2 protein chains.
Amino acid sequence: MTLKTVAERVGVSSMTVSNAFSRPDQLSAALRETILAAAAELGYAGPDPAARTLARGATGTVGILLSPSLRYAFTDEFSAVFLSAIAEELARSGLALTLLPPEGAGVVIPTRDVAMDGAIVYSCRLGADGLEQLHRRRLPLVHVDQPYDPAAISVNVEDADGARAAAQHLVDLGHRHVGLLVVDGGDLDLDLGEGSHGDRIRGWRAALDPAGVETTTITAPVSSEDEGADAVRALLAGPDLPTALLCFSDALAAGAVHAAQESGLRVPDDLSVVGFDDSPLARRVRPQLTTVRQDAAAKGRTAAAALVEAIARRRAGAEPEITHVVLPTELVIRDSTATPRAPEPAAGR
Amino acid sequence: MTLKTVAERVGVSSMTVSNAFSRPDQLSAALRETILAAAAELGYAGPDPAARTLARGATGTVGILLSPSLRYAFTDEFSAVFLSAIAEELARSGLALTLLPPEGAGVVIPTRDVAMDGAIVYSCRLGADGLEQLHRRRLPLVHVDQPYDPAAISVNVEDADGARAAAQHLVDLGHRHVGLLVVDGGDLDLDLGEGSHGDRIRGWRAALDPAGVETTTITAPVSSEDEGADAVRALLAGPDLPTALLCFSDALAAGAVHAAQESGLRVPDDLSVVGFDDSPLARRVRPQLTTVRQDAAAKGRTAAAALVEAIARRRAGAEPEITHVVLPTELVIRDSTATPRAPEPAAGR
DNA sequence: CGGCCGTACTGTAGCGCTATAGAACCCACC
DNA sequence: GGTGGGTTCTATAGCGCTACAGTACGGCCG
């Protein structure tokens, strides 16, 4: 059941049937109707996508490499908005979005073996297998929240600036001991972390260290409310509590708030909590979270649009245009931060 | 830069190079090393996926058709867990997951034009364009939360039973007027809705109607906390309030709880609220939600596994085996339901 | 020493489609 | 009435790979 089957049935060349499906302006409307009717009657669904892909050199799909786990991307509300914005922007160009498992399991490795027109790389460890395979394929690529690479089209946000503003806010309120709640994928070097992660930590430090603020770093395995709560429970069980907590994400911050409230602390009176992202969650938590706003939907749309353009240039045979977009962040002060309850007379330690 | 380039460089046939990449057991280890080294040196990334797809008849990708909007799938936490379970289960077979925009925008229509080995159809309107295109392609398909179709492999949950149990719980508590908070995609016939949606409504009614309970139906455009809150705010602004609310999802129920609390009502004393799904959200809301539990991860894994098997059978030339899995639901009684505050002396109306 | 098997490699024929160039024909228009 | 220019349809040559059916050869056995 191919183009040829239909062509023979109608008595035209297979090229004409191809045109009936793919380039309607190349034949008369009447003949096209005849052909489409014959195809429908034969149960022919249209040109085989695989063959078309090979002949045209375009797949209609774009990949996204998410790390560390697929689960994180869906669990985190901010990330979910980002993903859906990408998918929707791509849909406007008729492109589907393929989620690429970061590590190939067996003999088939999606990052190497799935046909696609380009890919978005989202907060992946450098050196990850999948990332290297994508690069080797010379696909049009857009990096999002990755460390700066002059050779790669990238979309980032002002992570460091936003984080610094958040930390400065705590310093200004008078906090002298601040907890840092970050994500530990397992073997990241936290203080020299890559991409967003490292930038935020560096941003916090840029405000805290010069002010002589004591810090305590705690980690959650992934960015989720439950993991954030667990990490903070462990912190609260120990001595020498910080008076404020800077969190890598709103999800972690929300978990932190719950854990604090559970153990009888009041937020912000006993513990100030700052999130990051300003996901919808930030306004649902009570008290509403002070956080650093970034626009997930804009980030997704920007990345998708950049990739669509890169693909178009490639197809036109043009040189790729390397662009580096940096979207703004903004400190949003809500109800989860306040002056520390009993300001310590002097710095501890 | 093709197989042939590498073949000529090494001085072997292109078939041998192909084997070096795809069937290591077909050549000596030494030659394979030589070939791989030459490929690396030339910057050859491996066999072109598009050509391989055409020649082998397998793509390494599976589609998922989500409706009504991509956004919903990510926004709803339950659905996010379901999706990530699918993606993870597929990854075990080396398959990637392609998100298919439900309606094609332009000349390229993913459901018709993207190459894939099979697809999962998730809570889609029957008659949706995308759905029909997938069927026409005769792809291995698995339906999830779709209306019963004897010809389609399907995974469903006991929506009606779960919903009936939830409604019966309210009846047993003595509620005589219950609100139904459902999703209105725009033009669904609510009472005869399809798939999960209709089943849940029918389940509620199966307990409420025989007991003579008065019902008020309100709708939210999508299943999200914010939309649920909006819908309930509108309800609360009117007269003749129900004493309990049955919600299509936990997200809607959570929004309902927030809206009720906002306007000074206590849950469950002034208003009982029942969710559906038992997503992680249900335990985060205060009071914790009474809800109908279904296992999102199991549903995702089951659907993915069924599709993988259907693809394998197809590849082996075997007849498809039509299976219909129905996963259990379970009423989970937590803190958001109670006896109505001031039991009306007799039925109203 | 001939026959037979297993391993290692090769040649060819597609997979189903589309790009491109070109053939056939009709319609003006000078 | 010839010529140029549309429009409509066709023939061919790939796209880059893999399945399959070989060929070549070394070793082992009777």
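## Legends to the close-up views

**View 1. Of the surface near DNA strand D, the largest share, five residues, is contributed by α4(B).** The model is a predicted one, in which local features need pLDDT of at least 70 and side-chain atom pairs count only at pLDDT 80 or more, whereas totals for chains, interfaces and linings use all residues. Residues are numbered from 1 along each chain as its sequence is written, and chains are lettered from A and ligands numbered from 1 in the order in which they are written. DNA strand D is surrounded by 23 residues, of which L27(A), T2(B), L3(B), S18(B) and A55(B) are the closest; a residue is near a molecule or strand if its C-beta atom, placed from the backbone, lies within 6 Å of it. Two or more residues of this surface come from each of α2 (14–22) and α4 of chain A, and from each of α2 (14–22) and α4 (49–56) of chain B. Helices (H or I, at least four residues) and strands (E, at least two) are DSSP runs numbered from the N terminus. By residue class, the surface near DNA strand D holds twelve nonpolar, eight polar and three charged residues, where Ala, Val, Leu, Ile, Met, Phe, Trp, Tyr, Cys and Pro count as nonpolar, Asp, Glu, Lys and Arg as charged, and the others, Gly among them, as polar.

**View 2. Chain A and chain B each bring 44 residues to their contact.** Two residues are in contact if their C-beta atoms, placed from the backbone, lie within 7 Å. On the side of chain A that touches chain B, at least two residues come from each of α4 (49–56), α5 (70–75), α6 (77–91), β2 (96–100), α7 (110–113) and α11 (225–237), and α6(A) gives the most, with six residues. This side of chain A is made up of 23 nonpolar, eleven polar and ten charged residues.

View 3. Strands are said to pair if DSSP finds at least two bridges between them, and here T98(A) lies opposite T98(B) in β2(B). Chain A is superposed on chain B, with an RMSD of 0.1 Å, by a rotation of 180° with 0.0 Å of shift along its axis, which is the relation of a two-fold axis. The superposition is by least squares on the C-alpha atoms of residues with pLDDT of at least 70 in both copies. Among the residues of chain A, T98(A) comes closest to the rotation axis, its C-alpha lying at 2.0 Å.

**View 4. Strand β5 (residues 153–157) of chain B is largely enclosed by the rest of the structure, because five of its five residues are buried.** A residue is buried if 20 or more other C-beta atoms, placed from the backbone, lie within 10 Å of its own, exposed if 12 or fewer do, and partly exposed in between. I153(B), V155(B) and V157(B) cover one face of β5(B), while S154(B) and N156(B) lie on the other, and all of them are buried. Strand β4 (residues 141–144) of chain B runs parallel to β5(B) and is joined to it by three bridges, with V142(B) opposite I153(B). Strand β11 (residues 324–327) of chain B also pairs with β5(B) in the parallel sense, over four bridges, and H324(B) is the bridge partner of S154(B).
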